[in-house]
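Please keep the sequence and the structure at hand while reading.

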Amino acid sequence: MNQDCAELAKRTRLNCLRMVYRGKSGHIGSMLSVADILAVLYSGILHADPANPDAPDRDRLIFSKGHGGAALFATLAEKGFFPEEYLDTYYQDNGKLSGHISHHLPGVEFSTGSLGHGLPVACGMAMAAKQAGKTHRIFCITSDGDCNEGSTWEAIMLAGQHKWDNLTMIVDYNRLQALGRSQDIIDLEPLDRKLRDFNWEVVTVDGHDYAALERAFSSLPLEKGKPSCIICRTVKGKGVKLFENDYRWHYGGITEEIYDNAKKELEEGI
Amino acid sequence: MRKAFNEELLKIAKTDPRVFMILADIGYGEIEPFANAFPDRFINCGVAEQNMTGVACGVAMEGNIAITYSIANFPTLRCFEQIRNDVCYHNANVKIVIIGGGLAYGPLGISHHSTEDLAVMRALPNMVCLSPCDIPEAREAVKAMMAYNGPVYYRCGYKGEKDIHEKSVSFRIGGSAEVKGGRDLTVLFTGTVGINAKEAVLEAAREGIDCRLVSMYSIKPIDKEAILRAATETGKIITVEEHNLYGGLGGAVAEVLCDANVSCKFKRMALPDVNVSKIGSQEWLRDQYGLGVKDILAEIRRMAGK
């Protein structure tokens, strides 16, 4: 599995790099940060069928850090939810793929882009599933910035209150956001303790360690009767030394020279 | 009207297991029958309107009908982006219900007034906007809202409203309801302030001015035919609404007339574009801000040339 995940994540990273370069867009750091998490989720964790993406018993994945949506688009294309040619239209006139994640694509549950929207909706889905006695699971991928939003914390409090153990929040926790280091803007530390205080069960893993991610995702719910949070310690821009741990690549555009060098670095492997 | 709303909703919820109520710690004395009857379809999200709206969207996306419900501007302005991005963009079956449209919570102050809601809600794609004027209309509006698949904004009154209609109301989304026929001019109103329009129209009738009076309970879609008929048949239109002058019923009617290139004498009566800072009851505030019976009557006389 590790090798499959590594290969999927590598292709996702290369696709994201190409999409951002061709689209003259940004957010490459956020995409590379979350690529490994997505690779593991879509390698046997999520119950999601490309041939039947709307199956009622599918697991729901809400991608709340919508600005990194190209990583999900690329992952879904690799897994066959829609043609890979769609990726060429990212950020283009009359394109299939927008700069933020869009539910108009098979396999995408919900559109986001403005932060703080994903977890409340995931809570609603969790409540509805419990009420209907259904066993599918609801996942929500958030980020440092997403956890700045008050609405995210409103949802965290509610989920703990109601013990929705069919809900898992995955934090792509790279400790950087648009204008700098999270600890200098809104220091979320200790995030695990804050969540436990709101009645969540939490584990912290290396968000680039496929085996650790798989172990955490295979242990859900972490505790029966509590929502689960998996804090994934990640490196923003992971895989390209120039981008890694530098907040400027939250927005930064990619020149031809940067593109060529980054592509070479990704192809040669992390 | 609030009581009538909750009674109708409860009736529907008894036969439709898809109905959920998603609250933000508001509804004391009214929502308990629903909460007690359907505890697994009821949730109080705490004082958190953004989350309330997001949760409602998630519930609705699983095939249910989710009602958000709170005072005046709480379920609209505080969580407007959730309504726009989550509810409307996904065309989720969420019904956004406010209690106390306009100045119904008068003495509580501007924090509890809903006076720009029609402008902002009707600017959202996929959103239907309903604004019933009395209890019979409010009951019909609940049925129409619940039968419709998609986002609806429901501007409910508060309590103690007098009936405006004297006969049963035929209600449809995109329709309107004539309260009184007339040939000299037309007063188009929306919401509970219609009681003042009615009194003014009845007084005008005693003075020999024959006004048509129409409740525009559906702000979006709006009854274009009724508006154009009023313009061509009576040549004069006054709009009356308990809402800011900009973007509400008056604006919507003007848009219809301009788009159809139909001209007529036209006057918008609404709250002036000021912060409502005077303190008093809804009725008193209506008088203070130009929506009293005498204000409407004066405008009818002026437009009728009498």
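In what order do the 5 strands of the open sheet in chain B lie, and is the pairing mixed or parallel?

## Basis of the description

This is a predicted model, in which local features need pLDDT of at least 70 and side-chain atom pairs count only at pLDDT 80 or more, while totals for chains, interfaces and linings use all residues. Residues are numbered from 1 along each chain as its sequence is written, and chains are lettered from A and ligands numbered from 1 in the order in which they are written.

## The sheet of chain B

The order is 7-9-8-11-12, and the pairing in this open sheet of chain B is mixed; strands count as paired if DSSP finds at least two bridges between them. Helices (H or I, at least four residues) and strands (E, at least two) are DSSP runs, numbered from the N terminus. At the edges are strand 7 (177-180) and strand 12 (265-271) of chain B, each of which pairs on one side only. On average, and with direction ignored, neighbouring strands of this sheet are turned by 25° against each other, where axes are lines fitted to C-alpha atoms, for helices over the stretch in contact, and angles run from 0 to 180 degrees between N-to-C directions.

Within the sheet, strand 8 (residues 185-190) and strand 11 (residues 236-244) of chain B run parallel and are joined by 5 bridges, and B:Phe189 has B:Val240 in strand 11 as its bridge partner. Helix 11 (residues 293-304) of chain B lies across strand 8, strand 9 (211-215), strand 11 and strand 12, and runs at about 170° to strand 12 of chain B; contact here means C-beta atoms, placed from the backbone, within 7 Å.

## Chain B as a whole

Chain B comprises 11 helices and 12 strands, and its C-alpha atoms fill a box of roughly 60 × 40 × 35 Å along the principal axes. Among contacts between residues at least 6 apart in sequence, 77% join residues of chain B at least 24 apart.

## The sheet of chain A

Chain A has an open sheet of 5 strands in the order 1-2-3-7-6, with parallel pairing. Its edge strands are strand 1 (60-63) and strand 6 (201-206) of chain A, each pairing on one side only, and the twist averages 20° from one strand to the next.

Strand 6 pairs with strand 7 (residues 228-233) of chain A in the parallel sense over 6 bridges, and A:Val202 stands opposite A:Cys229 in strand 7. Helix 2 (residues 28-45) of chain A packs on the sheet, where it touches strand 1, strand 2 (138-143), strand 3 (167-173) and strand 7, its direction making about 150° with that of strand 3 of chain A.

Notes: Two residues are in contact if their C-beta atoms, placed from the backbone, lie within 7 Å.
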